[in-house]
Amino acid sequence: MAESVLELAIKRVMGWFLPVINLERVAYILHRITGFYLAIYLPLHIISTHNSLNPIAWGEELKLYSSPLIKAGEIFLIFSIFFHGLNGLRLLLVEYFNIFLPKTMPSSLYLEKILSLHNPQKTVLYIVYILSIILTILGTLYLYNILTLRW
Amino acid sequence: MRYSSIAKWQYWTAIVLLVVLSIHLLFRILPGSYDKSLEYNQVRENYSNNLYIVTLIVLLFVALFHAFNGLRVILYEFSPRLGRIATPVILALGIIFAILGLLTMAGIYIFP
């Protein structure tokens, strides 16, 4: 009995979000989250690089970087950089330079259809997701020294 | 300043960041591996490159503007009153971190 009540509650709560959860909305939310994360990272990065003035302080810094918690934070940082950068480039091209807009605007009366993206915008969004996932994987391999480069 | 012109600044700093941040990240992969790029001598050698120092100074100011203005925009969307109160605080923090970043670069550039 208790389970069914819980199930109903979960269904109700999910119902608020499900009709509007699509990849565009996820991109909007992710752009905010990654932007906030990068904005918090930047001052910390400026403070931590100040330690490069002193070899002993830099050694302490490197010990900190090898901890698993910082590594996990850096993996999300890699994703944030690539997703925020690529999605930001997409937004710039679509909103500021008006590239990738559909040739004719949709004439549907349904609000959801008007609000959601249309080709070629949709394809560009998929490319942003795929590229940022691939680059995050490559970046993570580089972070753990699995991937190294020889020039 | 009108809001729309600040929004344009956000777009133009984004374009600059795409270029400058790419160069900054390139300097992380040029040494060949993650651990190598963090070695003390490697880090200090990067700062002695004149062209890279110019890039870093541009990056410092543009990234701080873009990041802190972005935070301000989110606060304005929550409540305009909160945004108005936070603006001078965010501006002050931006100036403090810009000075700290410049001190780091100057320290290594003058005493390599």
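Mentor: Start with chain A. Of its contacts between residues at least 6 apart in sequence, 66% join residues at least 24 apart. A contact means C-beta atoms, placed from the backbone, within 7 Å. This is a predicted model: local features need pLDDT of at least 70, side-chain atom pairs count only at pLDDT 80 or more, and totals for chains, interfaces and linings use all residues. Residues are numbered from 1 along each chain as its sequence is written, while chains are lettered from A and ligands numbered from 1 in the order in which they are written.

Trainee: What share of the contacts in chain B with a separation of 6 or more comes from residues 24 or more positions apart?

Mentor: The share in chain B is 69%.

Trainee: How many helices and strands does chain B have?

Mentor: Chain B has 5 helices and 0 strands. Helices are DSSP runs of H or I, at least four residues; strands are runs of E, at least two. The order in chain B from the N terminus is α-α-α-α-α.

Trainee: How does the radius of gyration of chain B stand against the globule rule?

Mentor: The radius is 17 Å, well over the 13 Å that the rule gives for 112 residues, so chain B is more spread out than a compact globule. The radius is taken over C-alpha atoms, and the rule is 2.2 Å times the number of residues to the power 0.38. Along the principal axes, the C-alpha atoms of chain B fill a box of roughly 50 × 25 × 25 Å.

Trainee: What percentage of chain B counts as buried?

Mentor: Buried residues are 14% of its 112 residues. Buried means 20 or more other C-beta atoms within 10 Å of the residue's own. In chain A, 11% of the 151 residues are buried.

Trainee: Why are α2(A) and α5(B) called roughly parallel?

Mentor: Their axes come within 9 Å and cross at roughly 30 degrees. Angles under 35 degrees count as roughly parallel. α2(A) and α5(B) are therefore roughly parallel to each other.

Trainee: Which residues make that contact?

Mentor: α2(A) gives Pro43(A), Ile46(A), Ile47(A) and Thr49(A), and α5(B) gives Phe97(B), Leu100(B), Gly101(B) and Thr104(B). By class, that is 5 nonpolar, 3 polar and no charged residues. Ala, Val, Leu, Ile, Met, Phe, Trp, Tyr, Cys and Pro count as nonpolar; Asp, Glu, Lys and Arg as charged; the others, Gly among them, as polar.

Trainee: How many residues does the contact take from each chain?

Mentor: It takes 26 residues from chain B and 29 residues from chain A. On the side of chain B that touches chain A, α4(B) gives the most, with 7 residues.

Technical notes: Axes are lines fitted to C-alpha atoms, for helices over the stretch in contact, and angles run from 0 to 180 degrees between N-to-C directions. Angles under 35 degrees count as roughly parallel, over 145 as roughly antiparallel, 65 to 115 as roughly perpendicular and the rest as oblique. Two residues are in contact if their C-beta atoms, placed from the backbone, lie within 7 Å. A residue is buried if 20 or more other C-beta atoms lie within 10 Å of its own, exposed if 12 or fewer, and partly exposed in between; C-beta atoms are placed from the backbone.
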